[in-house]
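Trainee: I would like to go through this model with you. Can we take it step by step, from the fold down to single residues?

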Amino acid sequence: MTIEIKNITEPEVTCANCQACCCRLEVMIITDTGVPKEHIAYDEWGGETMKRLDDGWCSAVDRETLVCTIYENRPWICREFEMGSFECVDQRKEVMG
Ligand code: SF4
Ligand code: SF4
């Protein structure tokens, strides 16, 4: 009898096969990186956050290409968010299933 061994690998996690899932998370603005005012909202404690639209996406996401339209000025948290990290994989599951 032969037992077939399947090599089950997780699909590759890259931003290229993602739907900007992390851009649906709440993003606090904790340092001034020059985020344009129209993309800033205030939380209940008066803290600055990235504005999110009704469907949850950050208002700075380009809806056609799903890239960040303010990349050079994106908040520190966006810069630190690591592709392939636990949070990234978790958020992909949450949004894309
Ligand atoms: S960092 Fe992760 S969740 Fe964010 S766009 Fe890239 S793959 Fe998607
Ligand atoms: S500022 Fe850019 S990278 Fe950060 S959540 Fe918004 S669209 Fe995504």
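**Valine 35 and beyond**

Mentor: Apart from neighbours within four places in sequence, valine 35 is in contact with Ile29, Ile40, Ile70, Asn73 and Pro75. Contact here requires C-beta atoms, placed from the backbone, within 7 Å. This is a predicted model, where local features need pLDDT of at least 70, side-chain atom pairs count only at pLDDT 80 or more, and totals for chains, interfaces and linings use all residues. Residues are numbered from 1 along each chain as its sequence is written, while chains are lettered from A and ligands numbered from 1 in the order in which they are written.

Trainee: What pLDDT does the protein chain average?

Mentor: pLDDT is the predictor's confidence in each residue, from 0 to 100. Where it is low, the predicted coordinates should not be read in detail. In the protein chain, 92% of the residues score at least 70. The average is 93.

Trainee: In what order do the elements of the protein chain run?

Mentor: Helices (H or I, at least four residues) and strands (E, at least two) are DSSP runs, numbered from the N terminus. The protein chain has two helices and two strands. From the N terminus on, the order is β-β-α-α.

Trainee: Which element has the lowest mean pLDDT, and which the highest?

Mentor: The highest mean, 98, belongs to strand E2 (residues 48-50). The lowest mean is 96. That value belongs to helix H2 (residues 86-96).

Trainee: How many residues of H2 are buried?

Mentor: A residue is buried if 20 or more other C-beta atoms, placed from the backbone, lie within 10 Å of its own, exposed if 12 or fewer, and partly exposed in between. H2 has eleven residues and lies largely in the open, because the number buried is zero.

Trainee: What share of the protein chain is buried?

Mentor: Take contacts alongside burial. Among contacts with a separation of 6 or more, 57% join residues 24 or more positions apart. Of the 97 residues, the buried share is 14%.

Trainee: Which residues make up the largest nonpolar core?

Mentor: In soluble globular proteins, nonpolar side chains tend to be buried together. A nonpolar core is a set of buried Ala, Val, Leu, Ile, Met, Phe, Trp, Tyr and Cys residues joined through C-beta atoms within 7 Å. The largest one here has eleven residues: Cys22, Cys23, Val27, Ile29, Val35, Met50, Cys58, Ala60, Val61, Ile70 and Cys78.

Trainee: Which residues lie around ligand 2?

Mentor: A residue counts as near a molecule if its C-beta atom, placed from the backbone, lies within 6 Å of it. Ala, Val, Leu, Ile, Met, Phe, Trp, Tyr, Cys and Pro count as nonpolar, Asp, Glu, Lys and Arg as charged, and the others, Gly among them, as polar. The shell around ligand 2 has ten nonpolar, no polar and one charged residues. They are Cys23, Val27, Met50, Cys58, Ala60, Val61, Cys68, Ile70, Arg74, Pro75 and Cys78.

Trainee: How do the residues around ligand 1 divide by class?

Mentor: That shell includes Cys15, Cys18, Cys21, Cys22 and Cys88. Among its other members are Thr14, Gln91 and Arg92. The division is nine nonpolar, two polar and one charged.

Trainee: What is the phi of alanine 20?

Mentor: Alanine 20 lies in the segment before strand E1 (40-42). It is partly exposed, because 17 C-beta neighbours lie inside 10 Å. Its phi is positive in a residue other than glycine, near 50°.

Trainee: Where is leucine 66 placed?

Mentor: Leucine 66 has a positive phi of about 60° although it is not a glycine. With 14 other C-beta atoms within 10 Å, leucine 66 is partly exposed. Its place is in the loop between E2 and helix H1 (76-80).

Trainee: Which residues does tryptophan 76 contact, leaving aside neighbours within four places in sequence?

Mentor: Tryptophan 76 lies in helix H1. Its C-alpha atom is separated by 7.3 Å from that of threonine 33, 43 residues apart along the chain. The contacts are Ile30, Thr31 and Thr33.

Notes: Contact = placed C-beta atoms within 7 Å.
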